[in-house]
Amino acid sequence: MSPIQESFSEGASLAHRLDPRGKIVVAALFAVLLAVSQSYVATLGGLGLALIWLALARLPLKQVAGRLLLVNTFIIFLWIILPVTYPGEPLGQIGPLTVSRQGLIFTGLITLKSNAIIIGLIALIATVPIVTLGQAMHNLRLPEKLCHLLLFTYRYLYVFEQEFHRLVQAMKVRGFQPRTNLHTYRSYAYLAAMLLVRSYDRADRVFQAMLCRGFHGVFYSLRSFSWHRRDVVFVTVSLLALVAVLFLEWRTPHDAVRI
């Protein structure tokens, strides 16, 4: 399966049947609230809310864990750097470096926030097909350029992927075998350059074809969104839960790093 295929958007769970406009609004508010949160209590509350949405989406947990593992691979670098660079009460020494208590707490908070936001976005946004997501954003009166940017980016990711597989196949047919030597590095450099050139050329041909079919910067959709009772219940309950998270953030004592 292609890594850019929308595997999470296929399903018949409650999260899949909700109106995408409501999910976009709730997901945006959730991400902003968690991003600015400075307390463990509020962040754990947000993580619990994200897990409830994930349960509603009934997504394959193995694939979700794979996405989270990818995100946490980058967070490992924060665990290497922040505890020894963040000022605060010293907890121990690693060679010439001092590990601070506040650095460990701050890194743990970032880890929780990142995972909560990713889980929330997987449950609410990844369960919407990209084309439907663009239509819903346009229906919410978001800037047209932003909607077009999303749709074209997704479209041309496929162009890049197809060109990449075609070039790799051509290299294998010519007997190329990757090794740790200068020839391999040079071959991959040529591959990257040809990928850009061919993708640009193909993207230009696709755009010219769109112009020939009358495209003038506006996408027309035959799909109309309908608001059901379940959407009202979901948005109302989710907003109340977000207010509760905000209340937890407000009630937590104001320290540099709050627990």
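This briefing covers the domains, the nonpolar cores and the strand hairpin of the structure above. The model is a predicted one. Its chain is assigned two stretches as domain 1, 14–128 and 226–251, with domain 2 given as 143–213, and the centres of domain 1 and domain 2, taken over C-alpha atoms, are separated by 33 Å.

**Nonpolar cores**

- The largest nonpolar core holds 29 residues, and those that touch the most other members are Phe30, Trp53, Leu59, Val64 and Phe234.
- At least two residues of this core are supplied by each of the helices α2 (20–36), α3 (40–57), α4 (61–85), α5 (101–124) and α9 (229–251), while the largest share, seven residues, comes from α3.
- A second, separate core is made up of seven residues, among them Ile24, Val128, Leu133 and Cys147.

**Surroundings of tryptophan 53**

- Once neighbours within four places in sequence are left aside, tryptophan 53 is in contact with Val26, Phe30, Gly120, Ala123, Leu124, Phe234 and Ser238.
- Of these contact partners, Phe30 and Phe234 are also listed, together with Trp53, among the residues that touch the most other members of the largest nonpolar core.

**The β1–β2 hairpin**

- Strand β1 (residues 90–94) and strand β2 (residues 97–100) run antiparallel and are joined by four bridges, with glutamine 93 standing opposite threonine 98 in β2.
- Two residues lie between the strands of this hairpin, in which glycine 95 takes a positive phi near 65 degrees.

Note on methods
Residues numbered from 1 in each chain as written. Predicted model: local features only at pLDDT ≥ 70, side-chain atom pairs only at ≥ 80, totals over all residues. Heavy atoms only, no water. Core = buried A, V, L, I, M, F, W, Y, C linked by side-chain atoms within 4.5 Å. Buried < 20%, exposed > 50% of the residue type's maximum accessible area, 1.4 Å probe, protein only. Contact = heavy atoms within 4.5 Å. Pairing = 2+ DSSP bridges. Domains from an automatic or database assignment.
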